[in-house]
Amino acid sequence: MVTQNTDKSSKGGLNLKLTILGSGTSAPSKNRGNSGYLLEIGADKILIDGGAGTIRKLPLIGVSIWDITKIFYSHLHIDHTLDLIPLLFAYTHPSSFPKNRHKVEIFAHKDFKAHYNALKNVYGKLISCKKVDIVLKAIRESSLNFRDYTVKTAPALHTPQSIAFRFETPDNKSLVYSGDTDYCSNLVSLAKNCNLLLAECSLPDEMAVKGHMTPKSVARLINETRPKQTIITHIYPENDDPTLINRIKTRKNIPVKIAEDLQQVDI
Ligand SMILES: [Zn+2]
Ligand SMILES: [Zn+2]
């Protein structure tokens, strides 16, 4: 059980706000950084994935590393996790520490612990975080319950450690993040009727590879889950042109947008 302050909207429910910190992939892109997202639920600020360059985006939206309370990793690939190193370094050697001891909980597949310990072996004291409590939480359940919201999880079809997330408030505001994945029934079940589906669409149909979606497969996902809105992300340069939105052929009246870095969406 996690206790935290809540931030109620005028309608009485919790506010959810998503910021796209990076809508790109491992491939360097002029406009898209490595995968990274910030989800604000009430007073909680949650980093979802964080590839290279993610942490540097936080000050651009007025968020400090000391505001981050939780991190959720969809999988261990470098374009989703690398900025953990500069983040831990910043927590270890900041220009000033906050008055109160800071705590960050990291939620990820159980194999993340070995990855984290390997980083500690490489960087040692540089990322020791002696004045910050970094708490690893292996995701073993399909539903994590916090005081003000739940996070439902489902295995994604990408790597054995890949997890998709559904953040949901008691009044049914929900964000589903696919992480990297191919189309799969797990994701269809997880994303059914969500408010916002943040879905990867890595490559064009003619370049389809296993473990990632293309316009055709993401359109199938959207049509079968009927989210209130969809944002397409994790876009390789080969897929990143103005025709992308038209290549995703969804049913009418399901709004789909292409992510832009630093875009913010109220859910
Ligand atoms: Zn990726
Ligand atoms: Zn990946």
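Predicted model: local features only at pLDDT ≥ 70, side-chain atom pairs only at ≥ 80, totals over all residues.
I begin with the backbone. Most residues other than glycine have a negative phi. Against that background, two residues deserve attention.

The first topic is asparagine 253. Although asparagine 253 is not a glycine, its phi is positive, at about 55°. Asparagine 253 sits in the loop that runs between α7, residues 244-247, and β13, residues 256-258. Is asparagine 253 buried or exposed? It counts as exposed, because 6 C-beta neighbours lie inside 10 Å, and the cut-off for that class is 12 or fewer.

I turn next to leucine 262. Here too phi is positive, at about 75°, in a residue that is not a glycine. Leucine 262 belongs to the loop between β13 and β14, the latter spanning 264-266. With 14 C-beta neighbours inside 10 Å, leucine 262 counts as partly exposed.

The remaining residue is lysine 173. Its place is in the loop between β9, residues 163-168, and β10, residues 174-177. Lysine 173 is buried, because 21 other C-beta atoms lie within 10 Å, where the class requires 20 or more.

Which residues does lysine 173 touch, leaving aside those up to four places away in sequence? They are Gly13, Leu14, Leu16, Asn195 and Ile267.

Definitions and conventions. Residues numbered from 1 in each chain as written. Chains lettered and ligands numbered in written order. Helix = DSSP H or I, 4+ residues; strand = E, 2+ residues; numbered from the N terminus. Contact = placed C-beta atoms within 7 Å.
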